[in-house]
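User: I'm new to this one. Could you show it to me and then let me ask how you know things?

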Amino acid sequence: MSIVKLENAGYVYGSSHPDNLGTRALDSISLEIEKGEFVVMVGRNGSGKSTFARLLNALLTPTSGTVLINGIDTRIEKSLWDIRSNVGMIFQNPDNQIIGTIVEEDVAFGPENLGIDPKEIRIRVDEALDSVGISEYAKSEPHQLSGGQKQKVAIAGILAMKPHCIVLDEATAMLDPVGRRETMGILKRLNKEEGITVIHITHNMDEAKDADRVIVIDKGNIAADGKPEKVFSNVRMIKELGLDVPQVTELLFEIDKIGYKLALEVLDVDKAYSELSELLINREAHK
Ligand code: ADP
Ligand code: MG
């Protein structure tokens, strides 16, 4: 069973007012995400990414169609905690998601709400802090930490609930390059080693290139969905949607544009290097 399944799911804001047609944020989305996938979602501002994210842990329920998490319809109210503990959300601004005055209290907040035994909570909190590499800050006050460290606290808080899936809504956008890299490293490890499904919304195309799958969303619809090499090799389409491509693709695209035939389905620096070396050698040979 897919961990996430949308069947013609749509969302219109403000449609409950009879004299208001509302804003259609998501049109009719159908997709399935399997357990253990690392999915990156990209799309320009206002394309519906945050709305999509909110549908996944029932912060919103679809105004048309269905959203199923582990087969459970998000509209079923008694499953709300089940869904929320299964699908953890991390948002852009770490300051808005930290509640506790001490790091370890903050991380304990989720499992406390799930009614978990205090002894078990202690174990989970220590494991979660260790997992994101901030054990030494367990007794610190969150406001003293950097943005990247705060996002790690937020991730630890989610991990302490033992979720199957983590959804990050532009969670790296406010971080410096080190914070970004470390956060991506943590997500990749949780995905590879613990099998946690990751759905990462980002504007950073270099973060997208390592995903198993990239979903491009535009005006509330899926514009592309596939392996990153495939999706980004369609450089013109990506640019038409107002998005960038990863740096390696951009470089190859520019060289291809001036008349050298190159395979654009390359995202990896080493592969791009060999492709360009081959091009130069062939050029020399033809002189
Ligand atoms: P993204 O995260 O890709 O920037 P959003 O999902 O936030 O996109 O927004 C999609 C559309 O829904 C936009 O047109 C936005 O203005 C609208 N929208 C988002 N949140 C609300 C809201 N709370 N009330 C009304 N319209 C909203
Ligand atoms: Mg958003």
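**Around the ligand**

Analyst: Sorted by class, the residues around ligand 1 are two nonpolar, seven polar and two charged. Ala, Val, Leu, Ile, Met, Phe, Trp, Tyr, Cys and Pro count as nonpolar, Asp, Glu, Lys and Arg as charged, and the others, Gly among them, as polar. A quick note on sources: this is a predicted model, where local features need pLDDT of at least 70 and side-chain atom pairs count only at pLDDT 80 or more, while totals for chains, interfaces and linings use all residues. Residues are numbered from 1 along each chain as its sequence is written, chains are lettered from A and ligands numbered from 1 in the order in which they are written, and side-chain values use heavy atoms, with hydrogens and water left out.

User: What puts a residue in the shell around ligand 1?

Analyst: One of its heavy atoms has to lie within 4 Å of the ligand. The residues around ligand 1 include Y13, R44, G46, K49, S50 and T51. Helix α1 gives the largest share, three residues.

User: Why is α5 called largely enclosed?

Analyst: Buried means under 20% relative accessible area, exposed over 50%, partly exposed in between (1.4 Å probe, protein chains only). In α5, 12 of the 13 residues are buried, so the rest of the structure largely encloses this helix. Among the elements covering its buried residues are α3 (103–113) and α4 (118–131).

User: How do you know that the length of α5 agrees with a helix?

Analyst: The expected span is 1.5 Å times one less than the number of residues. For the 13 residues of α5 (147–159) that should be 18 Å, and the end C-alpha atoms are 18 Å apart, so the two agree.

User: Why is N8 called partly exposed, and why is E170 called buried?

Analyst: N8 has 47% relative accessibility, so N8 counts as partly exposed. E170 has a relative accessible area of 12%, so E170 is buried.

Note on methods. Helix = DSSP H or I, 4+ residues; strand = E, 2+ residues; numbered from the N terminus. Contact = heavy atoms within 4.5 Å.
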